[in-house]
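My notes follow in the order I took them.

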Amino acid sequence: MPTMTTSPSLCLKTLMKTTIPFSSCKCTRFISLWLRPFPIYVPVLLLQTLCLMSSYHVEHYGHAKRIVRNGDSFPANIWYHNTTKALPKFDIPDPVKYDERTWEYVVYDGYLSSAIFLAMSFEEKARNSKNKQAFLTNMEYAYKVYSFWLEHIESKLGSSGIPAYWHKNFGIVANALFDETKQSQYLEARNREWLAYTTSGQQDDQIPAIKGMLRQSGVKI
């Protein structure tokens with residue numbers, strides 16, 4: 001087992017490899033003992049092998065999941081600050097150069113997934129919020145994730161490197177913020193992202209409704 005003096009956080013995959021047998025009972029005791037002093041991260045591919053019972057859940061954290069005790073809450077600004085540091089910083093493989101049969105494409109897909117899942121986790125927190133301020137705060141951080149990563153990926157790969165559904169999801173977040181705040185920046189973002197989505201060639205039964213909302217805002221399609 002890794003020594004606590006040299007490891008600021010724990011990866012459960014390593015511990016499961018070095019502790020045999022690692023039963024669900026031992027897993028629960030381990031998490032209960034170490035979760036408070038040290039963050040515990042679980043590789044995404046390992047989640048299906050874990051039984052976290054009803055006392056814990058996992059939340060997206062870069063390329064991994066962080067185990068969180070039910071009832072614990074993290075201020076959105078701290079969670080955003082910490083999780084964005086865990087997002088990948090390596091160069092993005094070009095999806096035009098590398099198709100879906102290649103390892104580079106897997107890396108590209110994982111790169112984008114780590115960001116989109118973080119944004120979606122803030123969206124989920126917003127929709128489960130018990131008051132308007134918590135809803136707005138989490139939606140604003142979802143908006144920040146989409147805004148930063150769309151710009152970042154486009155600067156590296158051009159607009160063709162951005163999956164079409166990102167534009168749809170970003171537009172949904174911007175629309176929710178506009179409905180609550182009536183701030184023009186959110187309306188402009190919604191129209192821009194949804195226009196990009198409706199012209200991407202996607203087959204989506206919701207596109208006619210999206211186009212209708214764009215026309216109501218004066219967008220020419």
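Helices (H or I, at least four residues) and strands (E, at least two) are DSSP runs, numbered from the N terminus. I call a residue buried under 20% relative accessible area, exposed over 50%, and partly exposed in between (1.4 Å probe, protein chains only).

Ground rules. I am reading a predicted model, where local features need pLDDT of at least 70, side-chain atom pairs count only at pLDDT 80 or more, and totals for chains, interfaces and linings use all residues. Residues are numbered from 1 along each chain as its sequence is written, and side-chain values use heavy atoms, with hydrogens and water left out.

Entry 1, the whole chain. I counted eight helices and four strands in the protein chain. Along the sequence they run β-α-α-β-β-β-α-α-α-α-α-α. Of the 221 residues, 43% count as buried. I then took the contacts between residues at least 6 apart in sequence, and 53% of them join residues at least 24 apart. The accessible surface (Shrake-Rupley method, 1.4 Å probe) is about 12700 Å², with 54% of it belonging to carbon and sulfur atoms.

Which residues of H8 are buried? In this helix, residues 207-216, I found Ile207, Ile210 and Leu214 buried. They sit on the same side of H8, because they cover an arc of only 60° around the axis; the arc is that of the directions from the helix axis to the C-beta atoms. An α-helix has 3.6 residues a turn, so residues three or four places apart point the same way. What do the buried residues of H8 pack against? They pack against H6 and helix H7 (184-198). On the face turned away from the buried side I noted the exposed residues Pro208, Ala209 and Gln216. Just after H8, glycine 218 has a positive phi of about 90°.

Not counting residues up to four places away in sequence, asparagine 175 touches Arg190, Trp194 and Met213. Leucine 177 is also in H6, buried with a relative accessible area of 0%. For leucine 177 and glutamate 140, 37 residues apart along the chain, I read a C-alpha separation of 7.5 Å.

Lysine 182 is in the loop between H6 and H7. Is lysine 182 buried or exposed? It counts as exposed, at 56% relative accessibility. I also noted its phi near 60°, a positive value in a residue other than glycine. Most residues other than glycine have a negative phi. Glycine 161 lies in the loop between H5 and H6 and is buried, with a relative accessible area of 1%. Leaving aside neighbours within four places in sequence, glycine 161 is in contact with Pro95, Tyr108, Leu112 and Ile153.

A pocket, on a 1 Å grid over the protein atoms alone, is an open set of points where a 1.4 Å probe fits, with protein on both sides within 12 Å along at least five of seven lines; lining residues have an atom within 4 Å of a point. Of the 20 lining residues, the closest to the centre are His57, Glu59, Ser121, Glu124 and Lys125. Strand E3 (56-61), helix H3 (76-86), helix H4 (103-127) and helix H5 (132-157) each give two or more residues to the lining. H4 gives the most, with five. I sorted the lining into eight nonpolar, seven polar and five charged residues, where Ala, Val, Leu, Ile, Met, Phe, Trp, Tyr, Cys and Pro count as nonpolar, Asp, Glu, Lys and Arg as charged, and the others, Gly among them, as polar.

Methods: Contact means heavy atoms within 4.5 Å.
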